[in-house]
Amino acid sequence: MNIFGNSIFGNKATEPPATEARPAGAGVPGNGVEKTDAQWREELTPEEYHVLRQAGTERPYTGEYWDTHTAGVYQCRACGAELFTSNEKFDSHCGWPSFWAPLAEGNVRYIHDRTLGMDRVEVRCATCDSHLGHVFEGEGYGTPTDQRYCINSISIRLVPAEEPQVKGPEQES
């Protein structure tokens, strides 16, 4: 599946209707999380604010999850929305956590990003409009989608999967 029609970068691709950057303090209207810039600054650390609300990027190989293999769900650090799972996480060796697909398409939104002289697709949380990272296509990874969601560790929080409770013969309910 491709993000904007046939290809996220091809000529036949079309962008979704909401492609404008939103003000730093805004959330996505109607999705439940709308806060002022002051509220975001109060709730997030300066580093989290820089990446999540100002579309910054953490340095590669420094984030908490770039080399994590723990089973679980990755939530938006700003609002708690479930975004990715460990089932779609893969080792891309790029220095940031990489996923080949989001948990569900409606959980993230895409913006055509032309900053820094590059032509990229930015990935944001669909609930609070926080910057997560970028998605790239056609890099040759052996994943089902041939896409790499390159996500900042500081933008997400891993909620580990619970270990199944196995009852032995000495345990009775």
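Strand β4 (residues 98-99) is joined to β8 by two bridges, and the two strands run antiparallel. Strands here are DSSP runs of E with at least two residues, numbered from the N terminus, and two strands pair if DSSP finds at least two bridges between them. Within this pairing, Phe99 has Tyr149 of β8 as its bridge partner. The model is predicted, so local features need pLDDT of at least 70 and side-chain atom pairs count only at pLDDT 80 or more, whereas totals for chains, interfaces and linings use all residues. Residues are numbered from 1 along each chain as its sequence is written, and side-chain values use heavy atoms, with hydrogens and water left out.

Stepping back to the sheet, six strands form an open arrangement in the order β3-β4-β8-β7-β6-β5, with antiparallel pairing. Its edge strands, β3 (89-90) and β5 (108-113), each pair on one side only.

Ser153 is buried, at 1% relative accessibility, where buried means under 20% relative accessible area (1.4 Å probe, protein chains only). The side chain of Ser153 reaches the backbone nitrogen of Tyr65 at 2.9 Å. Contacts of Ser153 (heavy atoms within 4.5 Å), leaving aside neighbours within four places in sequence, include Glu58, Trp66, Arg77 and Pro97.

Ser155 is likewise buried, with a relative accessible area of 0%. Not counting residues up to four places away in sequence, Ser155 touches Val51, Leu52, Gln75, Cys76, Arg77, His131 and Leu132. Of these, Arg77 is 78 residues from Ser155 in sequence, yet their C-alpha atoms are 5.3 Å apart in space.

How values were computed:
Buried < 20%, exposed > 50% of the residue type's maximum accessible area, 1.4 Å probe, protein only. Helix = DSSP H or I, 4+ residues; strand = E, 2+ residues; numbered from the N terminus. Polar contact = N/O pair within 3.5 Å; in protein donor to acceptor, adjacent residues only side chain to side chain.
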